[in-house]
Amino acid sequence: MTRRDILRSALALASFPPQVGGALAGLAARRPLFRDVASQVGLDFFLYGGPTREHYMPEIIGAGVALFDYDNDGDLDVYLLQGGLLNPSVRPLLQPPPGWKPGNRLFRNMLSETGKLHFVDVTEKAGVGHIGFGMGVAVGDYDSDGYQDLYITNFGHNVLYHNNGNGTFTDVTGTAGVDDPRWSTSAAWVDYDGDGRLDLFVCDYVDFTVQGNKRCYAPAGELDYCSPRAYDPLPSRLFRNLGNGRFEDVTATSGIGSRNGYGLGVICADFDQDGRMDIYVANDSAANYLWVNQGNGTFKEGALEAGLAYSADGLAKAGMGLAADDIDNDHHLEVIVTNLTGEGVTLFRSDGKGFFDDATAQFRLAQATFGYTGYGVGFLDYDNDGLMDLFIANGAMTIIESLRARSHTAYPYAQKNQLFHNQGPGNGFQDVTGVAGPAFTPIAVGRGVAFGDVNNDGALDIVVTNENGPARLLLNEAGVQGHWLLVRLTAAEGNRFGMGAEVGLFRRGQPTLWRRAHTDGSMLSASDIRVHFGLGSSRRADAVVVRWPAGPSEKWTEIKADQIVTLRKGSGQRL
């Protein structure tokens, strides 16, 4: 049986009797859609949050991961953020495993050097082993030197690492002026003013301190982690890139500081299709914010008017992870927000004019996600059929009573991750978690997720962090059934990697596919900036169009499938 046959069988499971579905699931497990290969390829990392009976809030939030090519050798490296002990005087409930190392870790991908997927820990050599209580990471080339830089958020002071281009980084936080001593979570690089320089948006969460820790309780009466509403919310921050290695804090003058929120996730895109980059923030237990770019250096909060503040029932949910993509190939963005157990995800559908409606039920995601707390999330075409599928990392934030009763674990927050297949316009998503393979069997406290093709085979892979658990690299085994194209954008100056560009792929008789070049979204994490297209049976693209940020638009024709192609600004046919 081919992988194509296995996938078709997997998608049909929901309509089969349990005994038939079980047989097919066993077959699929022998030829999985994804395999966890982290331990086999040297990605040895354990995220330790130092959980205690004090239930300090940062212990349960987790930390993110970045997939980016820091050395420009053509393959994706992995940067993982680390936690630790918030209060060393309090005995933790769990100890880290033997050999555990404090601080963030950078793993270099040796694929281009050896021809084999393998990672080597180069943290000390690169100088990026910051020791703090890590939260999120944003990737972008802020100084336009052709190398991607790292911004690290923490519970505490943040860090900007400048990529020196020789395999090392330098901490330039102080000189750049981008620190934030409060509790920061997700961050994003975005050229909001169209000057060709990447600016920096930072989500801040709640005004929590270890000394001011509050006691909150589970329904059964024992101590548990508090809701964010136990603490005061904070405003996000916006730093404008001045172009000389320094930034200006424009939080107040831009309007971003006009509202406090419980920011956990952020994604930047042109949501109202006016040619300017907007900023959407998922707020935990409060209305989400859409910062609409006014084109004069200021933003107006417009989530309610756009239909993105609340779900269809008019209630604020526990907004955490975010993703935005054209999932039905109509050139309009859909947006998904992950939430708490008992809420399910919220999927907002665009009308193409800047307005959205809650279409979660129509896309068949309401019931399937109701029993899970979603964190990192992303749309990806895992089987290269031209339709964006969905992955969600799950892990609770409050005690799961059934898990505690069954296993008597000291950390009863684990849930399974979920994989959904896009069935095509009008048909929604099908939950294929049960037949995706053994990589989806373990339960864990899933947190950050990054997406990218780590072995350059045209199939998108997934890296997941787990609170008080090992990182997992889910290597895609299903994508080989369809043709593909991976587009790397480059420019001689300014926004060197085309952050924020729209890329359209045209084929005769087929829907036009529109994707974006970005690293933000998910939660606390950064994904590969290269733009991936699944082409199904198509062996070439008739044309690829790039709408560069702030213009112009260019076209390249007759591009063969199954390759990584570099499109340089200025080398295409100007439109």
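The link of cysteine 216 and cysteine 226 is right-handed, with 95 degrees about the S-S bond. The structure is a predicted model, in which local features need pLDDT of at least 70 and side-chain atom pairs count only at pLDDT 80 or more, while totals for chains, interfaces and linings use all residues. Residues are numbered from 1 along each chain as its sequence is written, and side-chain values use heavy atoms, with hydrogens and water left out.

The sulfur atoms of cysteine 216 and cysteine 226 are 2.0 Å apart, and the count of disulfides (pairs of cysteine sulfur atoms within 2.5 Å) comes to 1. Cysteine 216 lies in strand E13 (residues 216-217) and cysteine 226 in the loop between strand E14 (223-224) and strand E15 (237-241), so the pair ties together parts that are 10 residues apart in sequence; strands here are DSSP runs of E with at least two residues, numbered from the N terminus. Cysteine 216 and cysteine 226 are both buried, where buried denotes under 20% relative accessible area, computed with a 1.4 Å probe on protein chains only. Cysteine 203, by contrast, is in no disulfide, because the sulfur of cysteine 268, which is the closest, is 8.8 Å away and too far for a bond. Cysteine 203 is buried with a relative accessible area of 0%, and cysteine 268 is buried with a value of 2%.

An open sheet is formed by 4 strands in the order E11-E12-E15-E16, with antiparallel pairing, two strands being paired if DSSP finds at least two bridges between them. Strand E11 (184-190) and strand E16 (247-249) are the edge strands, each pairing on one side only. Between E11 and strand E12 (residues 199-204) the antiparallel pairing extends over 5 bridges, and alanine 188 stands opposite phenylalanine 201 in E12.

The whole structure contains 6 cavities of 30 Å³ or more; a cavity is a set of points on a 1 Å grid over the protein atoms alone where a 1.4 Å probe fits but cannot get out, and lining residues have an atom within 4 Å of a point. The largest cavity has a volume of about 360 Å³, and of its 28 lining residues the closest to the centre are Asp325, Phe379, Phe451, His518 and Asp528. Strands that each supply at least two residues of this lining include strand E21 (322-325) and strand E25 (374-380). The second largest cavity has a volume of about 70 Å³, and the closest to its centre among 14 lining residues are Asn288, Ala309, Lys317, Asn339 and Thr346.

Terms used
1 Å grid on protein atoms, 1.4 Å probe; cavity = no way out; pocket = protein on both sides within 12 Å on 5 of 7 lines; lining within 4 Å. Points joined across faces, edges and corners; volume = space filled by probe spheres on them. Buried < 20%, exposed > 50% of the residue type's maximum accessible area, 1.4 Å probe, protein only.
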